[in-house]
Amino acid sequence: MSMRDRGPFFTALAAAAVVVAVGAGAQAAGERKAPHLGTPMSAEEVAKWDLTIFPDGRGLPPGKGTAKEGRVIYENQCAHCHGDDGRGATAEELVADPQPLTEEAASKAIGPYWPYATTIFDFIRRSMPAGAPGSLSADEIYAVTAYLLAANKVIGDTDEMNAKTLAAVKMPNRDGFEWIDVKK
Amino acid sequence: MTAKLDPEDLQPVAGGGLLHRRLLLKSGLVLATAAAAGSTHAASDAPAQKITEDLASPSWMRTPGQPFTTYGKPSKYEARVIRSIGANRDLPSNGVSWTPLESLEGIITPSGLHFERHHNGVPEIDPAQHRLVIHGLVKQPLMFTVDSLLRYPMQSHLIFIECGGNSNAGWHEEPIQRPLGSFHGLVSCSEWTGVPLAVLLDQAGIDPKATWVIAEGADAAVMNVSLPLAKLMDDAIVALYQNGERIRPENGYPLRLVIPGFEGVTNVKWLRRLQLTSEPVMARNETSKYTELLPSGKARQFTFTIEAKSLITSPSAFQKMFGANIYEIRGLAWSGRGKVAKVEVSADGGKSWAEAALQEPVLSRCFTRFRMPWSWDGSPAILKSRATDETGYVQPERDVLVKERGRNGYFHYNGILAWGIDEDGVISHVYA
């Protein structure tokens, strides 16, 4: 970068640095003097970056899938690490029989523990399969999500998952969490 | 100035031979320390080392030394001081590496030994191809280049970062036998320097409805977590430097969100996106993980703050004692709530305690080094340390913590650590 690019901001920044250096009290003044170097983004640009899927389903893409289709994907792309039928291998168990969370039987698999079904879709879309994250289509993610929910007996074997039905799934442990460092 | 030693100084102040911490200021006292396993450190009663040099005139005093280097490395004689790695067999990019706390002194962790927790490896990010986006409940979404962030006024935090999963073997039924760092070493301490996040968020214009910020990294796990906006406005920084140099790739190069006192996972590495919202996203890493299941069947969630903790780094497991002698007990203490106010040490398994000396500087949310003189008579002893922070919070005994939390919580283990020393000077981890 040449000095010329820096020109407009360099003076302001140098002044701010001096103010910051004189002590903590001057910090607020220093912050006000900070240069404005962020580039404004349009809604279309933001949409390309935004991967968030909220518990109410905002952010879920169009698409659909069922447990039957999902089982094939699971067996081909997930079972190697997560075990047959999701019972765990070198990576977490994803499936467990419905059970209350007690000291003796404390499964943190999806069915007994996870509070929101949208988290399954979101996590698979951003992180799985671990060797090729981001490689599944929306339909494939809906399908494998349906498979995991059905295997955990949270939905029926033939239920279709899409943006609407997935957001409507109520996980058994929805109310199982107490917030500690933030008030609800 | 150091005062002269007098015989009264050697009167124990607590059971098991603990001596007064003022002894550390006296002259005329030689303190022993336990030695690392396989250590080459000379000690009077250690087996003699094979001497290959003329000690009065070693070869390196008689030939010119090595040339300059562009980037220095530790001595080849310190090659054993490394992180230990625990990774997934089918996915070697998933796992942790532990800081060898038992081999380090002072309060700063060398950047190359800072602990790591990666969910899917270390991305090799070209800073010219990386952006930070701020959007959501803001007046104007903004995109920042790394170069532009380097031009903002900066601030430093000298702080520890501890993984919420550190020390989780403490929940096991049986005490795990491993070197200290390979069990408690998911905690490290650095100087982090960068741009106060409040400056950037203010420039985007915060909508009054915003209460949370979802932070996301640019690794292959695209790791995301939700964080309280108020805390981020208070003291979070977008860090660009660690210990004076640009952040190492494994610690988030080129940008890391650094939140003093909050558990490691919230200090999002390879930071790419900050979304202001009015609710948490309920990401996998704040629901399935980083929550603590209690005996009641309910789970603690959003347990961001690291509670006070302390560890005796020497003597510790796999180190060796050199028989009855006066030792310096050494350790580290920290709290995510502020400064460490006091560290007490016990040599009789917690029956009696005496206050250790805290080495300056004692900083908020930073490692604090403590030291304690101890006269070991060679009989079995149990060493413990207990930290109290400036809010009055006292580090709990393990049995108290386990009774309150059960054994399925996994995260946020800060129970008191006990080292048992037998008459042969063998040190092991014990529950006591």
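**Entry 1. Two helices of chain A**

I began with helix α4 (residues 67–77) and helix α8 (residues 138–151) of chain A, whose axes come within 7 Å and cross at roughly 100 degrees. Axes here are lines fitted to C-alpha atoms, for helices over the stretch in contact, with angles running from 0 to 180 degrees between N-to-C directions. I took helices (H or I, at least four residues) and strands (E, at least two) as DSSP runs, numbered from the N terminus. α4(A) and α8(A) are therefore roughly perpendicular to each other; angles under 35 degrees count as roughly parallel, over 145 as roughly antiparallel, 65 to 115 as roughly perpendicular and the rest as oblique.

This is a predicted model, in which local features need pLDDT of at least 70 and side-chain atom pairs pLDDT 80 or more, while totals for chains, interfaces and linings use all residues. Residues are numbered from 1 along each chain as its sequence is written, chains are lettered from A and ligands numbered from 1 in the order in which they are written, and side-chain values use heavy atoms, with hydrogens and water left out.

I then listed the residues in contact (heavy atoms within 4.5 Å). From α4(A), A:Ala67, A:Glu69, A:Gly70, A:Arg71, A:Ile73 and A:Tyr74 meet A:Glu140, A:Ala143, A:Val144, A:Ala146, A:Tyr147, A:Leu148 and A:Ala150 of α8(A). By class, I have nine nonpolar, one polar and three charged residues in this contact. Ala, Val, Leu, Ile, Met, Phe, Trp, Tyr, Cys and Pro count as nonpolar, Asp, Glu, Lys and Arg as charged, and the others, Gly among them, as polar.

**Entry 2. Chain A overall**

I find nine helices and four strands in chain A, in the order α-α-β-α-β-α-α-α-α-α-β-α-β along the sequence. Of its 184 residues, 42% count as buried. I use buried for under 20% relative accessible area, exposed for over 50%, and partly exposed for in between (1.4 Å probe, protein chains only). Of the contacts in chain A between residues at least 6 apart in sequence, 55% join residues at least 24 apart.

**Entry 3. Helix α7 of chain A**

I checked helix α7 (residues 118–127) of chain A and found nine of its 10 residues buried. Among the buried ones are A:Phe121, A:Asp122, A:Phe123 and A:Arg126. The cover includes α6 (110–113), α8 and α9 (163–168) of chain A, together with β10 (212–217) and β11 (224–228) of chain B.

**Entry 4. Chain A against chain B**

I counted 56 residues from chain A and 63 residues from chain B in the contact. The area buried between them is about 5,300 Å², and carbon and sulfur atoms give 57% of that. Buried area is the accessible area (1.4 Å probe) that two parts lose on being put together, summed over both. On the chain A side, A:Trp49, A:Glu103 and A:Arg126 lose the most area to chain B, together 13% of what that side buries.

I also looked at A:Ala34, in the loop between α2 (27–32) and β1 (39–40) of chain A. A:Ala34 is buried, at 6% relative accessibility. Not counting residues up to four places away in sequence, A:Ala34 touches B:Tyr152, B:Pro153, B:Val199 and B:Gln203.

B:Val199 and B:Gln203 are among the buried residues of α3(B). I looked that helix up: α3 (residues 197–204) of chain B has seven of its eight residues buried. B:Gly205 follows α3(B), with a positive phi near 85 degrees.

**Entry 5. Two buried residues of chain B**

I placed B:His114 in the loop between β4 (95–98) and β5 (116–118) of chain B. The relative accessible area of B:His114 is 0%, so this residue is buried. Beyond four places in sequence, the contacts of B:His114 include B:Arg83, B:Trp192, B:Asn251 and B:Arg256.

B:Pro373 lies in strand β23 (residues 368–376) of chain B and is buried at 0% relative accessibility. B:Ile329 is 44 residues away in sequence, yet 6.1 Å from B:Pro373, C-alpha to C-alpha. The contacts of B:Pro373, leaving aside neighbours within four places, include B:Leu18, B:His20, B:Leu31 and B:Tyr327.

B:Cys163 is in no disulfide either, as the nearest cysteine sulfur, in B:Cys189, is 16 Å away. A:Cys78 is buried at 17% relative accessible area, and B:Cys163 is buried at 7%.

Terms used:
Disulfide = S-S within 2.5 Å.
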